[in-house]
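Keep the picture open while you read.

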Amino acid sequence: MKGDAINLGELIARQTPGWSLEQPFYLSAELYAIECRGWLAKQWYVLGHSSELSLPGSYIVRELLQESLLLLRDKSGQLRGFYNVCRHRGSRLCTADGRTQRIVCPYHAWAYGLDGALETARALPTGVDPSRLSLHPVAVAEIGGVILASLGAEPSSLEEARRCFEPGLQYLELAGARIAARRQYPTRANWKLVMENFTECYHCPASHPEYCRVMQHVDQYGRDDPVKSAAWVREEARWLKADADSDSPLGAPDRDGVDARYWAGRSPIGNGRLSQSQDGCPVAPLLGGQKRFDGGVTAFVLRPFVYLLAANDYATLFQFLPTGPESTDVVISWLVNGKATDEAVDVDRMVWLWDVTTLQDKVIVEQNAQGVRSQDYTPGPYTTLESGSARLVADYLAGLGEN
Ligand code: FES
Ligand SMILES: [Fe+2]
């Protein structure tokens, strides 16, 4: 397979709907390079949280699709994003997070304002217009505390997702939250294997005993048992009516809506639990305007890469960052109420569920990648419990063909 030039149209046309993809989609450096210039570049990625850019002049340096980006808060409080590349001869500008009034290149000291405009460049020849040497911007957005970026010249619109997310994020005061923990899970697998895995729970009973113990929906909704699924749908409705926080602006995720490009909604953890901790007891003070623990989880999803899941006391913000044809970084940040003291947050018990689950996912996804490298690998059918993965792959193929 390696070494053959890719005929994209033929490759896309050859894929069987409802089946996993052929080997080049998971291994090929050439196809990955095509994705980075096209389909992957157009998507939005979580790059951080507003608390990392709390002051004018605060900046963070983050990698996205092999590009180094500089995200900063300008003097007016606006978020801005630039390629971390000097307009003189291309030096990296910043190598670590910090705070500054001007961005000064370490090579020949060209200096840029926080709006990216070139302000000082010694001995610039007459006739060279400095206003044409501003830093190159990248698309950035901030939705309720979540910082997003896209490398696309015309990234997909975020306005509808913003309208969908903002009431729920504002209610939880996610913009004023603070990061209580962050962990990275570099995974030796193509991003599609990581995301196919993340968007199905068919594997949960075999791979995630802790998650299954905590989240009642897996047992009741995740086993292709119509009687159990109907019982879970009834339980969700009962919870929303009887137990859920009636002040929350969000209700149940619409089962059809769960297939949408973006959605936000609430559902119960179940099993009498108030939080997603080992014993179901709270691990931090309530987030935002909530007045009590109702044992719910609020999900905010923007396909394919943006996922935020909030229990009453902490939110789990996921980053999925493709880093190569066979590597993906998964980064999780745990957010708590911005006023919560360190003593009030039990970090170990807070990170427990998604840490243990993501470590398990890293193992199974890397084993998946190993099998896909075999000459014996051929695509296989997604089951009815992997509709999320099937949807991800179908959307991707449709979008890839539009390049
Ligand atoms: S490369 Fe930045 S000032 Fe020369
Ligand atoms: Fe998993």
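The surface of the protein chain comes to about 18,000 Å², and carbon and sulfur atoms supply 52% of it. That area comes from the Shrake-Rupley method with a 1.4 Å probe, and for residues only the protein chains shown count as cover. What you're looking at is a predicted model, where local features need pLDDT of at least 70, side-chain atom pairs count only at pLDDT 80 or more, and totals for chains, interfaces and linings use all residues. Residues are numbered from 1 along each chain as its sequence is written, chains are lettered from A and ligands numbered from 1 in the order in which they are written, and side-chain values use heavy atoms, with hydrogens and water left out.

**The overall picture**

The protein chain holds 12 helices and 16 strands (DSSP runs numbered from the N terminus: H or I of at least four residues for helices, E of at least two for strands). Its radius of gyration is 22 Å, close to the 22 Å that the globule rule gives for 403 residues, so the chain is as compact as a globular protein of that length. The radius is taken over C-alpha atoms, and the rule is 2.2 Å times the number of residues to the power 0.38. Along the principal axes, the C-alpha trace spans about 80 × 55 × 35 Å.

How much of the chain is buried? Of the 403 residues, 52% are, where buried means under 20% relative accessible area, exposed means over 50%, and partly exposed is in between (1.4 Å probe, protein chains only). Now for contacts, meaning heavy atoms within 4.5 Å. Among those with a separation of 6 or more, 66% join residues 24 or more positions apart.

**Into the core**

The largest nonpolar core has 77 residues, and those with the most contacts inside it are Leu40, Met195, Phe320, Trp334, Met350, Trp354 and Tyr396. Helix H11 (residues 347-372) gives the most to this core, with eight residues. Apart from it lies another core, of 24 residues, including Val46, Leu158, Leu250 and Phe300. A nonpolar core here is a set of buried Ala, Val, Leu, Ile, Met, Phe, Trp, Tyr and Cys residues joined through side-chain atoms within 4.5 Å.

Back to tryptophan 354 for a moment. Leaving out residues up to four places away in sequence, its partners include Phe198, Tyr211, Leu309 and Trp334.

| Residue | Relative accessible area | C-alpha distance to another residue |
|---|---|---|
| Valine 297 | 7% | 8.4 Å to serine 275 |
| Glutamine 43 | 11% | 19 Å to histidine 136 |
| Phenylalanine 300 | 1% | 7.0 Å to glycine 265 |
| Asparagine 312 | 0% | 36 Å to threonine 95 |

Two of them sit on strand S13: valine 297 and phenylalanine 300.

Asparagine 312 lies between S14 and strand S15 (315-324). Beyond the residues up to four places away, its contacts include Arg266, Pro285, Phe293 and Asp294. Glutamine 43 is found between helix H4 (39-42) and strand S1 (45-49). Once residues up to four places away are set aside, glutamine 43 touches Ala149, Ser150, Pro304 and Phe305.

Most residues other than glycine have a negative phi, and most peptide bonds are trans.

The peptide bond from arginine 303 to proline 304 is cis, with omega near 5°.

Then move to the loop between strand S2 (58-64) and strand S3 (67-73), where you'll find leucine 65. Leucine 65 has a positive phi of about 50° although it is not a glycine. Glutamine 66 is in the loop between S2 and S3 too, with a positive phi of about 70°. Is each of these two buried or partly exposed? Leucine 65 is buried, at 6% relative accessible area, while glutamine 66 is partly exposed, at 39%.
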